[in-house]
Amino acid sequence: MTPQIRPYILAETNWKHLKDAHIELAILPWGATEAHNYHLPYGTDNFESQYIVAEAARVAYNQGANLIVLPTIPFGVNTGQSDIYLDINMNPSTQMAILGDIIEVLNRQGIHKFLILNSHGGNDFKTLLRELGLKYPNMFLCTSNWFQAMDKEAYFDNKGDHADEMETSLLMHLKPELILPKEEWGDGAEKKHKVKAFSESWLWSERPWSSVTKDTGIGNPKKASTEKGAQFFKDVTEKIGNVFVEICAMDKEDMYH
């Protein structure tokens with residue numbers, strides 16, 4: 001049997017391929033392990049990040065980009081969900097320690113471009129990368145929320161940000177065997193804060209999850225479909241893959257015009 005090794009996926013490739021390689025960009029997918037309404041698996045964010053980063057990397061690799069995808073980190077910041085059974089929290093300070101160790105390796109080995117492909121709304125890596133950027137001035141550090149890469153309204157009827165129509169459609173395309181029957185889906189109804197400013201972009205407080213949603217979802221998934229998920233997956237991975245190509249080709253010393 002011919003091996004089906006994807007050379008741009010670190011967990012699948014080998015020393016034979018990498019010993020003389022020159023990698024321009026390392027990509028770290030980062031997800032979470034948490035409830036997603038009644039019907040989606042706890043690993044939803046991880047499945048999304050793994051499939052999206054692999055396909056985007058394939059798009060980039062086929063255009064000649066020298067990149068490598070690191071194994072997915074499966075736990076994210078879930079501090080607002082401490083009472084939801086088996087939602088696994090990883091504190092930002094732990095994320096900082098993990099990132100510091102990984103970036104130290106990359107910097108030492110001459111891989112000076114690093115991107116986090118984030119798949120969980122509770123993760124926020126900007127502040128961490130600011131601090132690590134001072135410590136490793138030769139590194140180009142960036143982070144991307146793939147779920148903000150496209151205009152969701154062009155693909156989906158109902159808004160939401162957790163186990164919504166978009167995520168349900170994606171999982172129907174990627175992992176249909178893990179989704180409960182439609183009659184068991186919650187409606188993803190969200191309670192809004194009584195102080196209106198918290199629903200706007202300029203005032204923030206963490207949402208205690210069980211106080212704002214009964215089924216752990218936010219956004220009605222009922223109009224989700226496999227076809228919507230497939231089209232969105234194709235378009236978002238193509239867009240991200242092309243950005244991978246641009247970053248690989250980018251001169252870190254001449255990035256602005």
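Contact between α5 and α7 is made by Glu165, Met166, Ser169, Leu170, Met172, His173 and Leu174 of α5 and by Thr226, Lys228, Gly229, Ala230, Phe232 and Phe233 of α7, where contact means heavy atoms within 4.5 Å. By class, seven of these residues are nonpolar, four polar and two charged; here Ala, Val, Leu, Ile, Met, Phe, Trp, Tyr, Cys and Pro count as nonpolar, Asp, Glu, Lys and Arg as charged, and the others, Gly among them, as polar. The model is a predicted one, in which local features need pLDDT of at least 70 and side-chain atom pairs count only at pLDDT 80 or more, while totals for chains, interfaces and linings use all residues. Residues are numbered from 1 along each chain as its sequence is written, and side-chain values use heavy atoms, with hydrogens and water left out.

Helices (H or I, at least four residues) and strands (E, at least two) are DSSP runs, numbered from the N terminus. Helix α5 spans residues 165-174, and its axis lies 7 Å from that of α7, at an angle of about 90°. This makes α5 roughly perpendicular to α7; angles under 35 degrees count as roughly parallel, over 145 as roughly antiparallel, 65 to 115 as roughly perpendicular and the rest as oblique. Axes are lines fitted to C-alpha atoms, for helices over the stretch in contact, and angles run from 0 to 180 degrees between N-to-C directions.

Helix α7 also meets α2 (residues 44-61), and the two axes come within 7 Å and cross at roughly 55°. That angle makes α2 oblique to α7. On the α2 side, the contact includes Tyr51, Ile52 and Val53, and on the α7 side Phe233, Thr237 and Glu238 are among the residues involved. The residues of this contact divide into eleven nonpolar, three polar and two charged.

Turning to the sheet, four strands form an open arrangement in the order β2-β1-β3-β4, with parallel pairing; two strands pair if DSSP finds at least two bridges between them. The edges are β2 (67-69) and β4 (140-145), each of which pairs on one side only. From one strand to the next, the twist averages 20°. Six bridges join β3 (residues 113-118) to β4 in the parallel sense, and lysine 113 has phenylalanine 140 of β4 as its bridge partner.

Lysine 113 also takes part in a salt bridge with glutamate 24, at 3.4 Å from N to O. A salt bridge is a side-chain nitrogen of Lys or Arg within 4 Å of a carboxyl oxygen of Asp or Glu. Glutamate 24 lies in the loop between α1 (15-18) and β1, and lysine 113 in strand β3, so the pair ties together parts that are 89 residues apart in sequence. The whole structure holds 14 salt bridges.

Two helices lie across the sheet strands. Helix α7 (residues 226-249) lies across β1, β2, β3 and β4, at about 165° to β3. Helix α3 (residues 92-108) lies across β1 (25-30), β3 and β4, at about 160° to β1. The axes of α3 and α4 (residues 126-135) come within 10 Å and cross at roughly 40°, which makes α3 oblique to α4. Pro92, Gln95, Met96, Leu99, Gly100 and Ile103 of α3 meet Leu128, Leu129, Glu131 and Leu132 of α4. Seven nonpolar, two polar and one charged residues make up this contact.
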